[in-house]
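Trainee: I have a chain open and would like to learn how to read its architecture. Can we go through it feature by feature?

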Amino acid sequence: MSSAPRVLFVTSEIAPWQKTGGLGDISAALPAALASAGADVRILVPAYPALTAAFPEAREIARMAPPAGTLPASRLLAATTATGMPLLLLDCPDFFARLGGPYQSPGRRNWPDNALRFGLLSRVAALLASNDSPLDWRPDILHCNDWPSGLAPAYLHYLYDRRGDAACASVMTIHNLAFQGLFPAQRLVDLGLPEAAFVYDGVEFHGQISFLKAGLQFADRISTVSPTYAQEIQQDELGFGLDGLLRYRSADLRGILNGVEASWNSATDPYLAQRYDARHLAAKVKNRKALAAELGLIEEAAAPLLAIVSRLTEQKGVDLVLAIADQLLDEPPRAQLAVLGNGEAEFETAFRTLAARHPGRVAAVIGFDERLAHRFEAGADIFLMPSRFEPCGLNQMYSLRYGTPPVVRATGGLADTVTDCTAQTLAAGSANGFTFGPPDGASLLAATRRAIDAWHRPKLWRRLQKNGMAADFSWAKAAADYLDVYRAARHRPA
Ligand code: ADP
(Lines give C-alpha, C1' and ligand atoms only; values in the text may rest on other atoms or scores of the structure.)
Protein backbone atom coordinates (compact mmCIF):
# COMPACT_ATOMS: atom_id res chain seq x y z
CA MET A 1 0.00 0.00 0.00
CA SER A 2 1.42 3.37 -0.96
CA SER A 3 1.09 6.16 1.57
CA ALA A 4 -0.67 8.52 -0.87
CA PRO A 5 -4.10 6.94 -1.23
CA ARG A 6 -6.44 6.93 -4.19
CA VAL A 7 -9.69 8.39 -2.88
CA LEU A 8 -13.16 8.31 -4.38
CA PHE A 9 -14.94 11.24 -2.70
CA VAL A 10 -18.71 10.79 -3.06
CA THR A 11 -20.98 13.77 -2.56
CA SER A 12 -24.43 15.10 -3.42
CA GLU A 13 -23.32 18.77 -3.46
CA ILE A 14 -20.32 20.67 -4.71
CA ALA A 15 -19.74 24.41 -4.61
CA PRO A 16 -20.09 26.61 -6.50
CA TRP A 17 -22.36 24.63 -8.82
CA GLN A 18 -24.74 22.80 -6.52
CA LYS A 19 -24.84 23.76 -2.87
CA THR A 20 -27.43 23.91 -0.11
CA GLY A 21 -24.99 24.43 2.75
CA GLY A 22 -21.67 23.49 4.25
CA LEU A 23 -21.44 20.11 2.49
CA GLY A 24 -21.14 21.86 -0.88
CA ASP A 25 -18.27 24.03 0.36
CA ILE A 26 -16.45 21.11 1.94
CA SER A 27 -16.82 18.95 -1.17
CA ALA A 28 -14.96 21.60 -3.13
CA ALA A 29 -12.29 22.37 -0.55
CA LEU A 30 -11.38 19.07 1.12
CA PRO A 31 -10.61 17.08 -2.06
CA ALA A 32 -8.39 19.93 -3.25
CA ALA A 33 -6.54 19.98 0.08
CA LEU A 34 -6.16 16.18 -0.02
CA ALA A 35 -4.76 16.44 -3.53
CA SER A 36 -2.29 19.10 -2.38
CA ALA A 37 -1.22 16.66 0.34
CA GLY A 38 -0.45 14.08 -2.34
CA ALA A 39 -3.66 12.01 -2.52
CA ASP A 40 -5.12 10.98 -5.88
CA VAL A 41 -8.73 12.14 -5.48
CA ARG A 42 -11.74 11.90 -7.81
CA ILE A 43 -15.09 13.38 -6.92
CA LEU A 44 -18.23 11.42 -7.77
CA VAL A 45 -21.27 13.72 -7.93
CA PRO A 46 -24.60 13.56 -9.79
CA ALA A 47 -24.65 15.33 -13.16
CA TYR A 48 -27.07 18.07 -12.13
CA PRO A 49 -27.93 20.64 -14.83
CA ALA A 50 -25.60 23.20 -13.22
CA LEU A 51 -22.69 20.77 -13.58
CA THR A 52 -23.42 19.64 -17.14
CA ALA A 53 -23.74 23.32 -18.07
CA ALA A 54 -20.46 24.19 -16.34
CA PHE A 55 -18.59 21.32 -18.03
CA PRO A 56 -19.92 21.04 -21.58
CA GLU A 57 -16.69 19.28 -22.56
CA ALA A 58 -17.30 16.41 -20.08
CA ARG A 59 -16.82 13.15 -21.97
CA GLU A 60 -18.38 9.76 -21.44
CA ILE A 61 -15.95 7.28 -19.89
CA ALA A 62 -18.30 4.49 -18.90
CA ARG A 63 -21.81 3.18 -19.39
CA MET A 64 -23.29 1.18 -16.57
CA ALA A 65 -26.09 -1.33 -16.97
CA PRO A 66 -29.03 -1.15 -14.56
CA PRO A 67 -27.91 -2.72 -11.28
CA ALA A 68 -30.20 -5.22 -9.52
CA GLY A 69 -33.50 -3.85 -8.23
CA THR A 70 -35.23 -1.09 -10.15
CA LEU A 71 -32.26 1.26 -10.38
CA PRO A 72 -31.73 2.52 -13.92
CA ALA A 73 -28.76 2.50 -16.28
CA SER A 74 -26.35 5.43 -15.99
CA ARG A 75 -23.17 6.88 -17.45
CA LEU A 76 -20.02 8.42 -16.05
CA LEU A 77 -18.76 11.65 -17.56
CA ALA A 78 -15.26 12.86 -16.78
CA ALA A 79 -14.41 16.51 -16.37
CA THR A 80 -11.73 18.55 -14.67
CA THR A 81 -12.31 21.72 -12.68
CA ALA A 82 -10.37 24.91 -13.35
CA THR A 83 -8.18 24.04 -10.39
CA GLY A 84 -7.43 20.60 -11.75
CA MET A 85 -9.78 18.41 -9.67
CA PRO A 86 -11.08 15.38 -11.58
CA LEU A 87 -14.87 15.05 -11.48
CA LEU A 88 -16.86 11.93 -12.24
CA LEU A 89 -20.36 13.11 -13.12
CA LEU A 90 -23.02 10.46 -12.60
CA ASP A 91 -25.30 10.98 -15.55
CA CYS A 92 -28.84 9.70 -15.28
CA PRO A 93 -31.12 12.40 -16.71
CA ASP A 94 -34.32 10.87 -15.31
CA PHE A 95 -32.89 11.28 -11.83
CA PHE A 96 -30.65 14.30 -11.90
CA ALA A 97 -31.46 16.55 -14.87
CA ARG A 98 -34.06 18.46 -12.88
CA LEU A 99 -34.38 22.09 -11.97
CA GLY A 100 -34.46 22.69 -8.24
CA GLY A 101 -32.17 21.61 -5.42
CA PRO A 102 -30.37 18.32 -5.03
CA TYR A 103 -33.02 16.98 -2.68
CA GLN A 104 -36.06 19.15 -3.35
CA SER A 105 -38.20 20.50 -6.14
CA PRO A 106 -38.31 24.24 -6.84
CA GLY A 107 -41.44 24.23 -4.63
CA ARG A 108 -39.22 22.81 -1.84
CA ARG A 109 -40.81 19.38 -1.64
CA ASN A 110 -38.49 16.39 -1.26
CA TRP A 111 -38.24 14.59 -4.59
CA PRO A 112 -40.43 11.49 -4.15
CA ASP A 113 -37.74 9.22 -5.62
CA ASN A 114 -34.85 10.38 -3.44
CA ALA A 115 -34.28 6.81 -2.19
CA LEU A 116 -33.62 5.67 -5.76
CA ARG A 117 -31.69 8.78 -6.82
CA PHE A 118 -29.20 8.55 -3.99
CA GLY A 119 -29.44 4.76 -3.93
CA LEU A 120 -28.02 4.94 -7.46
CA LEU A 121 -25.26 7.33 -6.37
CA SER A 122 -24.33 4.93 -3.54
CA ARG A 123 -24.58 1.85 -5.75
CA VAL A 124 -22.32 3.33 -8.43
CA ALA A 125 -19.84 4.45 -5.75
CA ALA A 126 -19.63 0.85 -4.49
CA LEU A 127 -19.26 -0.41 -8.06
CA LEU A 128 -16.33 1.94 -8.69
CA ALA A 129 -14.69 0.65 -5.49
CA SER A 130 -14.95 -2.96 -6.67
CA ASN A 131 -13.23 -5.16 -9.23
CA ASP A 132 -16.39 -4.88 -11.35
CA SER A 133 -15.63 -1.19 -11.94
CA PRO A 134 -15.72 -0.10 -15.57
CA LEU A 135 -12.72 2.18 -14.85
CA ASP A 136 -9.06 1.26 -14.65
CA TRP A 137 -8.63 3.59 -11.71
CA ARG A 138 -9.53 1.80 -8.46
CA PRO A 139 -9.72 3.71 -5.14
CA ASP A 140 -8.11 2.61 -1.87
CA ILE A 141 -10.65 4.70 0.03
CA LEU A 142 -14.33 5.26 -0.59
CA HIS A 143 -15.13 8.50 1.25
CA CYS A 144 -18.89 8.92 1.75
CA ASN A 145 -20.56 12.09 2.96
CA ASP A 146 -23.90 12.24 4.77
CA TRP A 147 -26.94 10.14 3.98
CA PRO A 148 -26.96 10.56 0.16
CA SER A 149 -23.91 8.28 -0.13
CA GLY A 150 -24.52 6.40 3.13
CA LEU A 151 -25.74 3.27 1.42
CA ALA A 152 -22.41 2.74 -0.40
CA PRO A 153 -20.64 0.94 2.50
CA ALA A 154 -23.74 -1.28 2.87
CA TYR A 155 -23.56 -2.21 -0.83
CA LEU A 156 -19.88 -3.04 -0.37
CA HIS A 157 -20.78 -5.23 2.60
CA TYR A 158 -23.71 -7.10 1.10
CA LEU A 159 -22.79 -7.37 -2.56
CA TYR A 160 -19.03 -7.85 -2.55
CA ASP A 161 -16.36 -9.93 -0.92
CA ARG A 162 -14.48 -7.36 1.15
CA ARG A 163 -11.21 -9.31 0.99
CA GLY A 164 -11.53 -10.18 -2.64
CA ASP A 165 -13.40 -8.14 -5.18
CA ALA A 166 -13.86 -5.00 -3.08
CA ALA A 167 -10.90 -4.60 -0.78
CA CYS A 168 -11.35 -0.82 -0.79
CA ALA A 169 -11.75 0.68 2.70
CA SER A 170 -14.58 3.09 3.46
CA VAL A 171 -14.96 6.24 5.52
CA MET A 172 -18.28 7.84 6.39
CA THR A 173 -18.29 11.52 7.30
CA ILE A 174 -21.23 13.00 9.18
CA HIS A 175 -21.79 16.64 8.26
CA ASN A 176 -25.18 16.74 9.94
CA LEU A 177 -26.69 13.81 11.84
CA ALA A 178 -30.16 15.34 11.69
CA PHE A 179 -30.62 14.38 8.05
CA GLN A 180 -30.68 10.59 7.87
CA GLY A 181 -32.27 9.54 4.59
CA LEU A 182 -35.19 7.50 5.97
CA PHE A 183 -37.28 5.58 3.46
CA PRO A 184 -39.99 2.89 3.57
CA ALA A 185 -38.89 -0.73 3.96
CA GLN A 186 -40.46 -1.62 0.59
CA ARG A 187 -37.62 0.27 -1.15
CA LEU A 188 -35.19 -2.50 -0.16
CA VAL A 189 -36.06 -4.52 -3.28
CA ASP A 190 -35.90 -1.46 -5.57
CA LEU A 191 -32.46 -0.68 -4.17
CA GLY A 192 -31.22 -4.18 -4.92
CA LEU A 193 -30.36 -4.99 -1.33
CA PRO A 194 -30.95 -8.47 0.09
CA GLU A 195 -33.73 -9.07 2.60
CA ALA A 196 -31.02 -10.00 5.11
CA ALA A 197 -29.96 -6.34 5.12
CA PHE A 198 -33.17 -5.28 6.85
CA VAL A 199 -31.99 -6.04 10.39
CA TYR A 200 -30.96 -3.88 13.33
CA ASP A 201 -27.27 -4.35 12.61
CA GLY A 202 -27.95 -3.69 8.93
CA VAL A 203 -29.79 -0.85 7.22
CA GLU A 204 -33.00 -1.02 9.30
CA PHE A 205 -33.86 1.84 11.65
CA HIS A 206 -37.20 1.70 13.51
CA GLY A 207 -38.97 -0.08 10.69
CA GLN A 208 -37.51 2.05 7.90
CA ILE A 209 -34.37 2.03 5.78
CA SER A 210 -31.82 4.58 7.01
CA PHE A 211 -29.11 5.50 4.53
CA LEU A 212 -27.05 7.26 7.17
CA LYS A 213 -27.26 4.41 9.62
CA ALA A 214 -26.15 2.02 6.89
CA GLY A 215 -23.03 4.09 6.40
CA LEU A 216 -22.33 4.31 10.12
CA GLN A 217 -22.85 0.56 10.49
CA PHE A 218 -20.58 -0.56 7.66
CA ALA A 219 -17.92 2.10 7.05
CA ASP A 220 -14.48 1.12 8.31
CA ARG A 221 -14.03 4.52 9.93
CA ILE A 222 -16.39 7.37 10.80
CA SER A 223 -15.61 11.03 11.05
CA THR A 224 -17.55 14.16 11.80
CA VAL A 225 -16.74 17.80 11.43
CA SER A 226 -15.66 18.90 14.90
CA PRO A 227 -14.29 17.25 18.03
CA THR A 228 -17.12 18.53 20.24
CA TYR A 229 -19.80 17.31 17.83
CA ALA A 230 -18.09 13.88 17.79
CA GLN A 231 -18.78 13.73 21.54
CA GLU A 232 -22.28 15.23 21.40
CA ILE A 233 -23.61 12.73 18.85
CA GLN A 234 -22.78 9.90 21.21
CA GLN A 235 -25.30 11.26 23.68
CA ASP A 236 -29.05 11.05 23.72
CA GLU A 237 -29.75 14.77 23.23
CA LEU A 238 -27.98 15.22 19.88
CA GLY A 239 -27.69 11.57 18.85
CA PHE A 240 -30.95 11.57 16.85
CA GLY A 241 -31.50 7.92 17.79
CA LEU A 242 -28.07 6.91 16.48
CA ASP A 243 -26.15 7.66 19.68
CA GLY A 244 -26.13 3.98 20.68
CA LEU A 245 -24.53 2.92 17.39
CA LEU A 246 -22.07 5.81 17.60
CA ARG A 247 -21.09 4.88 21.16
CA TYR A 248 -20.60 1.31 19.96
CA ARG A 249 -18.32 2.61 17.20
CA SER A 250 -16.67 5.21 19.40
CA ALA A 251 -13.14 3.87 18.83
CA ASP A 252 -13.59 4.34 15.07
CA LEU A 253 -15.08 7.85 15.30
CA ARG A 254 -13.08 11.06 15.05
CA GLY A 255 -13.94 14.78 14.91
CA ILE A 256 -11.99 16.90 12.40
CA LEU A 257 -12.73 20.59 12.20
CA ASN A 258 -13.48 21.91 8.71
CA GLY A 259 -11.16 24.45 7.20
CA VAL A 260 -12.04 27.77 5.63
CA GLU A 261 -11.58 28.29 1.90
CA ALA A 262 -8.95 30.74 0.77
CA SER A 263 -11.66 32.81 -0.93
CA TRP A 264 -12.84 33.90 2.54
CA ASN A 265 -10.01 36.35 3.03
CA SER A 266 -10.84 39.97 3.80
CA ALA A 267 -7.51 41.11 2.36
CA THR A 268 -8.24 39.74 -1.13
CA ASP A 269 -12.05 39.42 -1.22
CA PRO A 270 -13.26 40.82 -4.59
CA TYR A 271 -16.82 41.36 -3.34
CA LEU A 272 -15.95 43.93 -0.65
CA ALA A 273 -16.23 47.70 -0.89
CA GLN A 274 -12.87 47.91 0.90
CA ARG A 275 -10.36 45.13 1.55
CA TYR A 276 -8.59 45.04 4.92
CA ASP A 277 -6.50 42.90 7.20
CA ALA A 278 -5.76 42.72 10.92
CA ARG A 279 -3.31 45.63 10.70
CA HIS A 280 -5.75 47.90 8.89
CA LEU A 281 -8.98 47.33 10.76
CA ALA A 282 -10.05 50.96 10.54
CA ALA A 283 -10.76 50.28 6.85
CA LYS A 284 -13.44 47.76 7.84
CA VAL A 285 -15.90 50.55 8.60
CA LYS A 286 -16.14 51.38 4.89
CA ASN A 287 -17.68 47.98 4.39
CA ARG A 288 -20.27 48.72 7.04
CA LYS A 289 -21.20 51.96 5.35
CA ALA A 290 -21.44 50.28 1.96
CA LEU A 291 -23.53 47.42 3.33
CA ALA A 292 -25.88 49.81 5.12
CA ALA A 293 -26.35 51.74 1.88
CA GLU A 294 -26.90 48.54 -0.10
CA LEU A 295 -29.52 47.33 2.38
CA GLY A 296 -31.23 50.68 2.95
CA LEU A 297 -30.20 50.92 6.61
CA ILE A 298 -29.77 54.32 8.21
CA GLU A 299 -26.30 55.26 9.46
CA GLU A 300 -26.33 54.81 13.21
CA ALA A 301 -22.70 55.18 14.22
CA ALA A 302 -23.44 54.61 17.92
CA ALA A 303 -25.13 51.23 17.40
CA PRO A 304 -23.35 48.08 16.23
CA LEU A 305 -24.69 46.25 13.20
CA LEU A 306 -25.57 42.66 14.09
CA ALA A 307 -25.68 40.17 11.22
CA ILE A 308 -27.03 36.73 10.48
CA VAL A 309 -26.25 34.64 7.38
CA SER A 310 -28.03 31.35 7.76
CA ARG A 311 -30.50 28.77 6.69
CA LEU A 312 -33.63 29.98 8.46
CA THR A 313 -34.47 26.88 10.47
CA GLU A 314 -34.95 25.95 14.08
CA GLN A 315 -31.52 24.27 14.13
CA LYS A 316 -29.93 27.66 13.61
CA GLY A 317 -31.80 29.19 16.57
CA VAL A 318 -33.22 32.00 14.43
CA ASP A 319 -36.41 31.84 16.51
CA LEU A 320 -34.31 32.92 19.52
CA VAL A 321 -33.19 36.00 17.61
CA LEU A 322 -36.79 36.79 16.68
CA ALA A 323 -37.80 36.42 20.32
CA ILE A 324 -35.36 39.08 21.52
CA ALA A 325 -35.19 41.29 18.42
CA ASP A 326 -37.37 44.09 19.75
CA GLN A 327 -35.30 44.33 22.92
CA LEU A 328 -32.06 44.44 20.93
CA LEU A 329 -33.41 47.09 18.61
CA ASP A 330 -35.26 49.35 21.04
CA GLU A 331 -33.69 49.07 24.48
CA PRO A 332 -30.23 50.40 25.22
CA PRO A 333 -27.61 49.35 24.32
CA ARG A 334 -29.31 49.50 20.94
CA ALA A 335 -28.23 47.64 17.83
CA GLN A 336 -29.20 47.33 14.18
CA LEU A 337 -29.81 44.00 12.49
CA ALA A 338 -29.20 42.60 9.00
CA VAL A 339 -30.39 39.12 8.03
CA LEU A 340 -29.49 37.12 4.93
CA GLY A 341 -31.13 33.74 4.70
CA ASN A 342 -33.80 31.48 3.41
CA GLY A 343 -35.52 28.41 4.71
CA GLU A 344 -38.75 27.78 6.55
CA ALA A 345 -41.56 30.03 5.38
CA GLU A 346 -42.58 30.97 8.91
CA PHE A 347 -39.13 32.41 9.65
CA GLU A 348 -38.83 34.12 6.28
CA THR A 349 -42.14 35.88 6.97
CA ALA A 350 -41.17 36.74 10.53
CA PHE A 351 -37.94 38.44 9.47
CA ARG A 352 -39.69 40.30 6.67
CA THR A 353 -42.28 41.52 9.17
CA LEU A 354 -39.57 42.52 11.63
CA ALA A 355 -37.84 44.57 8.93
CA ALA A 356 -41.12 46.24 7.97
CA ARG A 357 -41.71 47.19 11.61
CA HIS A 358 -38.21 48.70 11.96
CA PRO A 359 -37.57 50.48 8.66
CA GLY A 360 -33.96 51.57 8.30
CA ARG A 361 -32.90 49.63 11.37
CA VAL A 362 -33.51 46.03 10.27
CA ALA A 363 -32.83 44.58 6.81
CA ALA A 364 -34.06 41.14 5.80
CA VAL A 365 -32.77 39.73 2.53
CA ILE A 366 -34.65 36.50 1.93
CA GLY A 367 -32.67 34.43 -0.52
CA PHE A 368 -29.30 32.82 -1.11
CA ASP A 369 -26.57 35.17 -2.25
CA GLU A 370 -22.95 34.11 -1.90
CA ARG A 371 -21.45 37.52 -2.75
CA LEU A 372 -23.73 39.34 -0.39
CA ALA A 373 -22.73 36.85 2.32
CA HIS A 374 -19.16 38.11 1.95
CA ARG A 375 -20.30 41.72 2.32
CA PHE A 376 -22.32 40.79 5.41
CA GLU A 377 -19.27 39.24 7.05
CA ALA A 378 -17.14 42.29 6.30
CA GLY A 379 -19.75 44.97 6.94
CA ALA A 380 -21.24 43.71 10.20
CA ASP A 381 -19.80 44.50 13.61
CA ILE A 382 -21.08 41.40 15.42
CA PHE A 383 -22.22 38.07 13.98
CA LEU A 384 -25.03 36.06 15.58
CA MET A 385 -25.07 32.25 15.40
CA PRO A 386 -27.23 30.87 18.23
CA SER A 387 -27.53 27.34 16.79
CA ARG A 388 -29.28 24.68 18.86
CA PHE A 389 -26.69 22.30 17.42
CA GLU A 390 -23.90 22.93 14.95
CA PRO A 391 -21.74 20.09 13.62
CA CYS A 392 -18.97 22.51 12.60
CA GLY A 393 -20.40 25.74 11.27
CA LEU A 394 -18.62 27.84 8.71
CA ASN A 395 -20.05 31.28 9.23
CA GLN A 396 -18.56 31.76 12.69
CA MET A 397 -15.16 30.97 11.20
CA TYR A 398 -15.70 33.44 8.37
CA SER A 399 -16.70 36.03 10.99
CA LEU A 400 -13.59 35.41 13.02
CA ARG A 401 -11.43 35.81 9.91
CA TYR A 402 -13.26 39.00 8.94
CA GLY A 403 -12.82 40.68 12.33
CA THR A 404 -16.53 40.37 13.12
CA PRO A 405 -16.63 38.71 16.55
CA PRO A 406 -19.42 36.15 16.77
CA VAL A 407 -22.00 35.49 19.49
CA VAL A 408 -22.61 31.74 19.48
CA ARG A 409 -24.19 29.01 21.51
CA ALA A 410 -21.43 26.81 22.91
CA THR A 411 -22.20 23.67 20.93
CA GLY A 412 -20.39 21.50 18.38
CA GLY A 413 -17.94 23.33 16.15
CA LEU A 414 -19.01 26.67 17.62
CA ALA A 415 -17.62 25.55 20.98
CA ASP A 416 -14.41 24.42 19.27
CA THR A 417 -13.76 27.72 17.48
CA VAL A 418 -15.19 30.54 19.60
CA THR A 419 -13.64 31.40 22.96
CA ASP A 420 -15.84 33.46 25.25
CA CYS A 421 -14.51 36.86 26.23
CA THR A 422 -13.64 36.83 29.94
CA ALA A 423 -10.90 38.45 32.00
CA GLN A 424 -8.96 35.18 31.86
CA THR A 425 -9.31 34.53 28.12
CA LEU A 426 -8.45 38.16 27.36
CA ALA A 427 -5.30 37.84 29.46
CA ALA A 428 -4.47 34.56 27.70
CA GLY A 429 -4.99 36.16 24.28
CA SER A 430 -7.60 33.58 23.28
CA ALA A 431 -10.85 35.59 23.62
CA ASN A 432 -12.42 36.00 20.18
CA GLY A 433 -16.20 36.16 20.70
CA PHE A 434 -19.08 35.47 23.06
CA THR A 435 -20.71 32.18 23.98
CA PHE A 436 -23.79 31.15 25.91
CA GLY A 437 -25.24 27.86 27.08
CA PRO A 438 -28.99 27.35 27.41
CA PRO A 439 -30.84 27.63 24.07
CA ASP A 440 -33.20 30.39 25.13
CA GLY A 441 -33.77 34.03 24.31
CA ALA A 442 -32.62 35.34 27.69
CA SER A 443 -29.22 33.66 27.38
CA LEU A 444 -28.76 34.90 23.82
CA LEU A 445 -29.79 38.40 24.88
CA ALA A 446 -27.31 38.43 27.77
CA ALA A 447 -24.44 37.26 25.55
CA THR A 448 -25.32 39.72 22.78
CA ARG A 449 -25.44 42.58 25.28
CA ARG A 450 -22.01 41.61 26.55
CA ALA A 451 -20.84 41.80 22.93
CA ILE A 452 -22.46 45.20 22.39
CA ASP A 453 -20.86 46.53 25.58
CA ALA A 454 -17.49 45.28 24.42
CA TRP A 455 -18.00 46.88 20.99
CA HIS A 456 -18.38 50.21 22.82
CA ARG A 457 -14.85 49.73 24.19
CA PRO A 458 -12.71 50.09 21.05
CA LYS A 459 -9.39 48.91 22.51
CA LEU A 460 -10.92 45.75 23.91
CA TRP A 461 -12.81 45.19 20.66
CA ARG A 462 -9.60 45.43 18.59
CA ARG A 463 -8.07 42.69 20.71
CA LEU A 464 -11.04 40.42 20.11
CA GLN A 465 -10.95 41.12 16.39
CA LYS A 466 -7.21 40.46 16.15
CA ASN A 467 -7.42 37.26 18.17
CA GLY A 468 -10.11 35.97 15.82
CA MET A 469 -8.24 37.00 12.68
CA ALA A 470 -5.10 35.19 13.86
CA ALA A 471 -6.80 31.78 13.99
CA ASP A 472 -5.56 29.07 11.63
CA PHE A 473 -8.50 27.37 9.94
CA SER A 474 -6.50 25.91 7.11
CA TRP A 475 -7.75 23.01 5.03
CA ALA A 476 -4.19 21.67 4.94
CA LYS A 477 -4.46 20.90 8.64
CA ALA A 478 -7.82 19.15 8.17
CA ALA A 479 -6.51 17.19 5.16
CA ALA A 480 -3.61 15.83 7.22
CA ASP A 481 -6.11 14.54 9.78
CA TYR A 482 -8.26 12.91 7.07
CA LEU A 483 -5.15 11.16 5.72
CA ASP A 484 -4.69 9.72 9.23
CA VAL A 485 -8.26 8.47 9.19
CA TYR A 486 -7.69 6.90 5.75
CA ARG A 487 -4.57 5.13 7.06
CA ALA A 488 -6.54 3.74 9.99
CA ALA A 489 -9.37 2.62 7.68
CA ARG A 490 -6.96 0.77 5.40
CA HIS A 491 -5.55 -1.13 8.37
CA ARG A 492 -8.90 -2.59 9.32
CA PRO A 493 -8.74 -6.11 10.73
CA ALA A 494 -9.13 -8.82 8.08
P1 ADP B 1 -25.14 24.65 7.20
O2 ADP B 1 -24.28 23.79 6.32
O3 ADP B 1 -25.73 23.93 8.36
O4 ADP B 1 -26.17 25.42 6.45
P5 ADP B 1 -22.69 26.14 7.73
O6 ADP B 1 -22.42 27.34 8.56
O7 ADP B 1 -21.83 24.95 7.95
O8 ADP B 1 -24.22 25.77 7.89
O9 ADP B 1 -22.54 26.53 6.20
C10 ADP B 1 -23.41 27.42 5.60
C11 ADP B 1 -22.82 27.87 4.29
O12 ADP B 1 -23.86 28.36 3.46
C13 ADP B 1 -21.87 28.99 4.43
O14 ADP B 1 -20.96 28.98 3.37
C15 ADP B 1 -22.79 30.22 4.35
O16 ADP B 1 -22.13 31.37 3.99
C17 ADP B 1 -23.74 29.78 3.33
N18 ADP B 1 -25.07 30.36 3.43
C19 ADP B 1 -26.11 29.97 4.19
N20 ADP B 1 -27.21 30.71 3.92
C21 ADP B 1 -26.85 31.58 2.96
C22 ADP B 1 -27.54 32.61 2.23
N23 ADP B 1 -28.82 32.87 2.46
N24 ADP B 1 -26.86 33.28 1.29
C25 ADP B 1 -25.56 33.02 1.06
N26 ADP B 1 -24.86 32.07 1.70
C27 ADP B 1 -25.49 31.36 2.64
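Trainee: What distance separates the centres of domain 1 and domain 2, taken over C-alpha atoms?

Mentor: Some ground rules before the number. This is a predicted model, where local features need pLDDT of at least 70, side-chain atom pairs count only at pLDDT 80 or more, and totals for chains, interfaces and linings use all residues. Residues are numbered from 1 along each chain as its sequence is written, and side-chain values use heavy atoms, with hydrogens and water left out. Now the answer: the two centres are 33 Å apart.

Trainee: Where do domain 1 and domain 2 run in the chain?

Mentor: Domain bounds come from an automatic or database domain assignment. Here domain 1 covers 6–259 + 475–490, and domain 2 covers 281–469.

Trainee: How many residues of domain 1 and of domain 2 are in contact?

Mentor: Contact means heavy atoms within 4.5 Å. By that rule, 20 residues of domain 1 touch 19 residues of domain 2.

Trainee: What area do domain 1 and domain 2 bury between them?

Mentor: Buried area is the accessible area (1.4 Å probe) that two parts lose on being put together, summed over both. For this pair it is about 1400 Å², with 58% of it on carbon and sulfur atoms. On the domain 1 side, Lys 19, Arg 108 and Leu 257 supply 26% of the area buried against domain 2, more than any other three residues.

Trainee: At what angle do α4 and α5 pack?

Mentor: Axes are lines fitted to C-alpha atoms, for helices over the stretch in contact, and angles run from 0 to 180 degrees between N-to-C directions. Helix α4 (residues 114–128) meets helix α5 (residues 152–159) at about 55°, with axes 8 Å apart. That makes α4 oblique to α5. The cut-offs: under 35 degrees is roughly parallel, over 145 roughly antiparallel, 65 to 115 roughly perpendicular, and the rest oblique.

Trainee: Is the crossing of α4 and α5 left-handed or right-handed?

Mentor: A crossing is left-handed if the near helix is turned anticlockwise from the far one by less than a right angle, and right-handed if clockwise. This crossing is right-handed. Its contact residues include Gly 119 and Arg 123 of α4 and Tyr 155 of α5.

Trainee: And which hand does the crossing of α5 and α7 have?

Mentor: Left-handed. Here α5 and helix α7 (residues 211–218) pack at about 60°, with axes 7 Å apart.

Trainee: How do α1 and α19 cross?

Mentor: Their axes come within 9 Å and cross at roughly 75°. They are therefore roughly perpendicular to each other. Among the contact residues are Ile 26 and Leu 30 of α1, plus Trp 475 and Tyr 482 of α19.

Trainee: Which classes of residue make up the contact of α1 with α19?

Mentor: Ala, Val, Leu, Ile, Met, Phe, Trp, Tyr, Cys and Pro count as nonpolar, Asp, Glu, Lys and Arg as charged, and the others, Gly among them, as polar. This contact has 11 nonpolar, no polar and no charged residues.

Trainee: Last item. Is the peptide bond from Ala 15 to Pro 16 cis or trans?

Mentor: Cis, with omega near 0°. Pro 16 sits in the loop between β1 (6–10) and α1 (22–36). The bond from Pro 332 to Pro 333 is cis too, with omega near -5°.

Methods
Helices (H or I, at least four residues) and strands (E, at least two) are DSSP runs, numbered from the N terminus.
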